[in-house]
Amino acid sequence: MDTGMMEATMQKAPIQYTGKWHPKKFALMLAMGGIIMMFSALTSAYIVRKGAGNWLEFKLPAIFLYNTLVLIMSSVTAHLAYGAFKKEDLLRYRWMTALTFVLGLLFLALQVVGWQQLKAIGVPLDGNPSGSFIYVISGTHAAHILGGLGALFLGLRAAFGPANFSASRKLSIQLVNVYWHFVDVLWIYLIIFFILQ
Amino acid sequence: MANTRVYDEDVLIETNGFEDHFHEHHHGDKYQTSFLTHYIFSQDHKIIARQFLITGMFWGLVGAMMSVIFRLQLGFPEESMAWIKPLLGKWITVNEEGFGTLAPEFYYALVTMHGTILVFFVLTAGLSGTFSNLLIPFQVGARDMASPLLNMFSYWFFFLAGVVMFFSLFLSTGPFAGGWTAYPPLSVLPQASSGSGAGMTLWTLSLVLFVVSVLLGGINYVTTVLNMRTKGMSMWRMPLTIWAFFITAILGILSFPVLAAGFFLLMCDRTLGTSFYISEIFVGGQALENVGGSPILYQHLFWFLGHPEVYIIILPAMGLVSEVLSVHARKPIFGYKAMVFSMLAIGFLSFIVWAHHMFMSGVNPFLSNFFVVFTLIIAVPSAVKVFNWITTLYKGNIRFNSASLFAIGFVSMFISGGLTGIFLGNSTLDIQLHDTYFVVAHFHIVMGVAAFFGMFAGVYHWFPRMFGRFMNETMGRVHFWGTLIGAYAVFWPMHYLGMAGVPRRYYSFDNFDTFAHFDGMNKFITIAAMVVFALQVLFVVNFFYSIFKGRVQKTKNPWGATTLEWTAPIDAPHGNWPGKIPAVHRWPYDYGKDGEDFIPQIVPLAEGEKDQGH
């Protein structure tokens with residue numbers, strides 16, 4: 001690495017970081033890399049198993065598609081909340097954060113409805129693996145949404161507390177948003193995968 | 001003869017170091033305020049390293065003791081085991097004549113637990129957990145890990161995984177007994193064997209906790225290496241230890257989530273009635289309803305972790321050995337960049353060879369060819385590394401001590417075990433050799449004993465850095481020579497057993513006349529195994545004795561090493577360096593340069609001097 005550049009960064013920052021990223025953001029990237037590996041394992045298992053035959057074909061309930069829109073909307077509101085935070089627009093920042101959280105909850109609730117519809121059309125969890133995979137993959141994704149909601153809840157509590165526009169709060173919002181956009185894109189990948197398969 | 005200059009590290013750091021205003025951020029040291037936060041729930045990487053090491057040693061003893069018990073069964077099946085009844089309880093049945101027999105299901109449990117414990121708890125957590133924690137912040141010149149809190153969690157998730165696994169040993173139905181790979185259907189059907197019930201549930205729970213620990217640790221290691229290096233510490237100035245831990249951590253982050261995915265599907269099969277891994281199966285004459293699953297699917301998911309896992313075990317050992325050899329041969333490591341690139345190559349190849357564990361599981365032979373080719377290609381970077389270690393020693397001014405002996409022993413073991421890997425990597429030879437003692441011999445030498453040798457080299461070398469004292473050298477040498485000869489005595493004969501077709505994991509060979517003449521060999525192996533076990537107890541005794549009574553470390557840099565961990569005070573405080581952090585001016589292998597014995601990394605380049613690392 002270029003020493004001159006490094007010295008320049010170091011004069012700015014009170015603590016030395018050699019990379020361009022904040023370590024916490026970088027660590028989050030790595031964690032997301034791990035999550036991507038897990039879902040690629042699950043979807044590869046899906047493809048391998050499908051190739052082996054004895055595979056029940058069925059149409060995915062439409063609610064999963066509508067639900068994708070809910071999640072995309074929550075990503076948009078999360079982004080708007082961050083924009084409002086940067087402009088120190090307290091009211092907008094509070095309500096957009098709250099909206100993101102509610103949309104996240106709604107997504108989870110609609111996923112549960114989707115699973116019930118899946119069961120109703122004769123695709124139970126313990127039937128043909130083609131159905132089991134849908135439950136397990138979307139269930140594992142829901143668990144990651146739940147984790148994101150936990151982080152969003154902490155953000156919500158901070159937003160509705162005393163007005164705080166500090167740098168560390170900004171970093172926390174950035175971290176939560178990056179993760180939230182990530183699980184959003186992950187779901188878009190999964191839904192496209194399910195439809196194409 | 002190189003002259004030895006004495007460096008005053010404090011003055012060098014004070015004049016050239018980097019001021020990061022460390023103490024201005026801390027009002028009192030929040031990390032070391034009480035016994036509980038200092039020694040138990042510590043966030044200091046030095047304490048966490050020692051926690052990993054000592055926990056790993058505990059598991060090492062437990063796992064090794066299990067192997068001694070099942071070796072007794074294999075070597076001396078005609079002898080009574082009634083004397084172990086106080087330890088194993090109902091798993092030893094004693095008849096009217098007082099003859100004690102080991103229960104076959106517990107034999108399988110012992111074999112399974114031995115593998116699980118050694119692979120995950122000792123050689124993953126105990127090896128990379130210990131030394132990544134100890135050396136990454138020290139050698140890159142950081143105050144601590146990127147996230148000390150996650151680092152603490154990494155240890156405690158490992159601890160929790162250990163508690164769950166330990167608990168499973170005392171279940172009335174016994175721990176899991178279906179092999180450390182936990183293949184279905186034994187791992188899926190609770191009614192398949194006595195250990196497949198509660199034992200398997202706890203096994204899975206324990207390993208999921210373990211995966212969390214590895215991921216938290218790995219994310220921290222990579223982040224620290226890439227973001228927290230001190231001034232002047234470019235990637236090409238990092239010691240090979242750091243490169244090794246860095247690549248190991250990346251492998252862990254990429255492969256352990258896949259194992260977790262495999263375990264999720266396994267748990268669904270066990271508890272929710274899905275059929276990912278089982279199909280059309282009878283248990284106890286009863287047909288099960290599960291249709292459509294494939295046990296091979298599990299094998300793919302398992303070995304996608306399983307193969308990188310063996311490099312997760314051996315790469316840290318390689319890094320430690322490279323460093324120890326260079327320091328004690330008083331020579332720069334031969335081919336520094338080749339060492340880095342070969343580790344990167346091994347890391348990359350480790351992801352595209354997993355099916356060589358499955359040649360005999362019915363995978364397409366054309367597919368096998370692909371895996372054979374890539375498996376054999378691994379021999380190339382491995383040979384580069386071996387060549388470089390030997391050339392590092394060549395014409396070196398070698399100091400023979402416990403650390404350097406174990407490092408040299410590592411190279412010996414890695415060659416012996418690596419060569420048999422070339423046999424096993426061929427899918428045609430594997431028809432004869434798979435699931436025999438040849439495989440047992442291969443992987444024990446190349447990733448079991450070799451990794452332990454790397455770990456021992458590391459412990460003897462960095463013991464002063466951890467405890468401010470030296471380990472006893474006499475006991476260390478007895479430990480080395482005994483273990484070297486003993487380990488070869490245990491595993492060398494197994495090649496012959498394997499070539500003769502003796503299958504691994506069998507409880508008894510009483511009904512196989514073909515293998516009757518191996519009785520003597522099996523006795524020999526068992527006796528050697530007991531001797532080796534006794535020597536490891538000696539190591540543990542030496543370790544704890546030396547913590548309290550070992551020779552005191554008087555100078556900061558007792559080995560005359562160049563790396564940063566030896567510039568910190570002997571009793572390094574939290575934050576490692578009391579004032580400024582050291583800045584780095586050169587690569588870490590300036591030994592015997594320009595007539596100097598060694599030049600630490602913190603010494604600025606002289607007028608017109610060129611850095612070797614670039």
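This is a predicted model: local features need pLDDT of at least 70, side-chain atom pairs count only at pLDDT 80 or more; totals for chains, interfaces and linings use all residues.
Local features need pLDDT of at least 70 and side-chain atom pairs count only at pLDDT 80 or more, while totals for chains, interfaces and linings use all residues. Residues are numbered from 1 along each chain as its sequence is written, and chains are lettered from A in the order in which they are written.

Chain B contains 17 helices and six strands. Both are DSSP runs numbered from the N terminus, with helices being H or I of at least four residues and strands E of at least two. A compact globule of 614 residues would have a radius of gyration near 25 Å, and the 25 Å of chain B agrees. That radius is taken over C-alpha atoms, and the rule is 2.2 Å times the number of residues to the power 0.38. Along the principal axes, the C-alpha atoms of chain B fill a box of roughly 80 × 55 × 50 Å.

Of the 614 residues in chain B, 55% are buried. Burial requires 20 or more other C-beta atoms within 10 Å of the residue's own; exposed means 12 or fewer, partly exposed lies in between, and C-beta atoms are placed from the backbone. Among contacts in chain B with a separation of 6 or more, 79% join residues 24 or more positions apart. A contact places two such C-beta atoms within 7 Å.

The largest nonpolar core has 231 residues. Such a core is a set of buried Ala, Val, Leu, Ile, Met, Phe, Trp, Tyr and Cys residues joined through C-beta atoms within 7 Å. B:Phe410, B:Ala450 and B:Ala457 touch the most other members. Beyond neighbours within four places in sequence, the contacts of B:Ala457 include B:Leu320, B:Val324 and B:Phe410.

Helix H7 of chain B covers residues 198–227. The expected span is 1.5 Å times one less than the number of residues. H7(B) is largely enclosed by the rest of the structure, because 22 of its 30 residues are buried.

B:Val291 lies in the loop between strand S4 (286–287) and helix H9 (295–329) of chain B. It counts as partly exposed, with 14 C-beta neighbours inside 10 Å.

Between the chains, 35 residues of chain A are in contact with 40 residues of chain B. On the chain A side, H2(A) supplies the largest share, 15 residues.
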